Amino acid sequence: MVGVSDARPSVPAPPRTRVGRPLLSLALASMMDEVHAHSGAVYLLTADEPVLEMAVMAGLPRAFAAPWERIGISAPVPVADAVRERRLVWVGGEEDMARRYPRIAVVLPYPFALAAVPVATDARVYGAVFVTWPGSRPPELTARERDHLVAACGRLAVRLERAVEESLPPHAEPDLLAAAPGGGVAGAPGSAEAARMVARLPYGLCSLDLHGRIGFANAAAAELMGVPVSQLLGAQLWAAVPWLDDPAYEERYRAALISRHSTSFVALRPPGDWLSFRLYPSATGLSVRITRARAVAEMNRSGPRPGEPPARLVTISQVLSLAGALTEAAGVQDVVQLVADEIVPAVGGQAVVVLGSRAGRLHVLGHRGYRDPHVVERFDGLPLTESTPGTQALTTGVPAFFDSRERLEHLYPRRHATPDGFAAWAYLPLIASGRPVGTCVLAYAEPHPFPADERAVLTSLGGLIAQALERALLYDAKHRLAHGLQAALLPHSLPTLPGIEAAARYLPATQGMDIGGDFYDLVPTDGLAAAVIGDVQGHNVTAAGLMGQIRTAVRAYTTVGQEPQEVMRSTNRLLIDLGTELFASCLYLRLDPARRRAVVARAGHPPPLLRRPDGSVRVLDLPGGPLLGVDGSAVYPTTEVELAPGSVLVLYTDGLIEAPGVDIEDALAELGRRLAEDGDLPLDALADDLVRRSVAGRERSDDVALLLLRAEG
């Protein structure tokens with residue numbers, strides 16, 4: 001649990017004497033002694049930025065708290081919360097830390113309790129203090145401890161206020177570590193007999209200080225480890241013994257000091273001797289007992305047990321790999337697939353469900369690993385007010401772990417009716433930007449205990465998934481917006497024209513927002529028709545909006561009866577009057593099926609292709625004017641083209657023939673060959689074939705518009 005203290009007890013002012021040194025160290029040592037804490041630190045708020053800096057630490061080496069020597073006020077850590085919210089923050093143990101502060105629990109997955117208290121007067125915050133206790137203490141902070149911590153921090157704040165008034169601003173002080181018994185003990189009565197007793201013991205003994213340095217080792221310890229006593233003294237254990245140079249062994253030393261619980265590990269001394277190390281911690285360091293681990297040696301000769309899980313749930317390299325993979329996920333289904341492929345196997349799971357919410361209801365965003373999809377999909381649309389583990393994790397932001405079916409069904413009896421074939425579950429809230437965006441459900445085939453360190457790792461992985469999911473939800477929303485806008489701005493269908501068959505295709509770019517400025521239209525008029533295709537510069541909402549304006553203008557100018565050159569000139573002037581910095585290419589045709597003619601005007605657009613009835617293809621490199629929006633006085637000459645029955649006109653935008661590393665002339669020639677070979681296909685089939693077999697059929701950095709016109713006999 002996290003305790004809150006909003007009370008501000010009156011703090012008697014300390015005697016008005018000049019502030020001495022070391023102020024912070026004395027206050028911290030007194031505070032720890034009064035509440036029987038075994039470590040602590042004082043943070044000071046920097047003057048020029050919202051950052052807390054550690055000024056002094058006591059009880060443990062500063063290296064244990066290295067990731068938090070400088071903490072931003074907005075960081076999700078207890079001391080920052082205490083300062084930001086002006087309250088005492090209480091973390092009652094290992095599980096509480098894993099649930100509320102998973103980033104800390106990943107680095108320090110040990111049983112310990114912590115209290116963080118702001119150092120503040122009514123007018124100003126000076127910093128914060130945290131103190132810790134071994135995990136063996138009761139999970140609640142007593143009223144006496146709470147009152148003492150709040151009052152002591154209040155007195156410290158008054159002293160700091162006085163120091164600032166007297167131009168003696170506080171600064172960092174030397175850390176406080178309990179001194180190990182020194183060499184003076186050797187001359188004490190009985191010390192010689194104690195040394196002889198230790199020498200007679202059949203097992204190794206050594207003493208480590210709080211930094212892990214060896215202060216004493218008996219002959220048996222040196223013999224077992226194969227290193228002379230002279231090389232052991234003064235060195236850290238894992239530095240003096242090469243085969244102990246493994247972070248896993250150093251981690252056991254850290255666990256013993258922080259939790260104040262005895263810990264142990266076994267290590268292989270090459271080539272085949274297994275040794276057992278048992279660590280007994282105290283306020284001054286650790287005593288280490290070293291023996292031969294024969295039982296472990298026998299067990300390891302037979303090799304690892306089948307199905308034995310790895311020593312670590314997820315390695316650092318795996319976390320980095322997962323983080324990198326999740327940054328590449330574009331849409332929601334990409335995130336679901338990556339979680340299924342990368343995270344589920346890494347944590348020993350067999351299935352995953354990603355849940356979200358919309359309009360007060362639960363929504364299944366994706367799932368993998370379930371034999372019967374209906375088992376999962378039946379929860380889609382469930383009101384968030386329903387009492388299910390998925391809705392609870394989503395609405396409260398608190399993870400839930402169920403190590404067995406019995407545990408789950410005890411808390412949620414309705415799950416009796418919806419078995420999914422699994423035996424354990426982890427419900428991870430996905431919180432990004434301070435709000436829940438979903439829930440990730442990991443399912444296990446067998447009952448699965450979730451120790452506190454594993455819960456911390458899973459909760460942290462949930463943070464990575466949450467950030468990826470938030471980006472993916474935004475991407476999918478933009479994707480839907482882009483397609484909706486594009487669909488609204490382009491013709492829903494092409495009109496039926498006498499003597500002219502038409503087919504059109506539009507392909508969005510495969511990069512960016514999938515929205516662009518390419519457009520086409522077919523406008524019937526009295527006995528005639530107009531066809532237009534164009535491309536507005538850019539691939540964004542602005543380009544799409546301008547494209548809609550141009551298409552509407554061309555349609556309006558055509559309807560009032562303007563000639564092709566006038567339609568182009570009017571559209572050009574409109575674009576300039578709009579004051580946009582974007583340009584547009586355009587190709588406009590006035591079709592006269594009765595006379596089998598087309599009048600063409602071009603504004604910087606790729607030339608159309610004409611396939612004659614005999615199968616020959618010609619590129620109509622017609623004269624034209626500049627891009628629309630460049631020159632208000634530009635003119636656009638027209639050219640008359642014959643349309644014999646069976647002829648096919650191909651109008652397209654540059655995305656159909658342009659691609660990185662592809663020569664435009666070669667692509668245009670290839671388009672002509674395809675048109676010559678397949679020009680007799682039905683027009684819709686021909687349109688599909690030309691798109692599929694062009695450079696646009698692969699990855700596209702540009703959108704594509706294609707309009708085919710066939711003259712009927």
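**Aromatic contacts**

1. W243, Y249, F265 and F277 form one aromatic cluster. Rings of Phe, Tyr and Trp (its six-membered ring) are paired if their centres lie within 6.5 Å; planes under 30 degrees apart are stacked, over 60 edge-to-face, and the rest tilted. The count by this rule is 12 aromatic pairs.

2. The structure is a predicted model, in which local features need pLDDT of at least 70, side-chain atom pairs count only at pLDDT 80 or more, and totals for chains, interfaces and linings use all residues. Residues are numbered from 1 along each chain as its sequence is written, and side-chain values use heavy atoms, with hydrogens and water left out.

3. W90 and W133 make an edge-to-face pair, with 5.5 Å centre to centre and 70° between the planes. The pair links distant parts of the chain, 43 residues apart: W90 belongs to strand β5 (residues 88-91) and W133 to strand β7 (residues 125-134). Strands (E, at least two residues) are DSSP runs, numbered from the N terminus. W90 is buried because its relative accessibility is 0%; buried means under 20% relative accessible area (1.4 Å probe, protein chains only). W133, at 2%, is also buried.

4. F402 and Y427 have ring centres 5.8 Å apart and planes at 85°, so this pair is edge-to-face. It links distant parts of the chain, 25 residues apart, with F402 in strand β15 (residues 400-402) and Y427 in strand β16 (residues 424-432). F402 is buried at 3% relative accessibility, and Y427 is buried at 5%.

Technical notes:
Helix = DSSP H or I, 4+ residues; strand = E, 2+ residues; numbered from the N terminus. Buried < 20%, exposed > 50% of the residue type's maximum accessible area, 1.4 Å probe, protein only.
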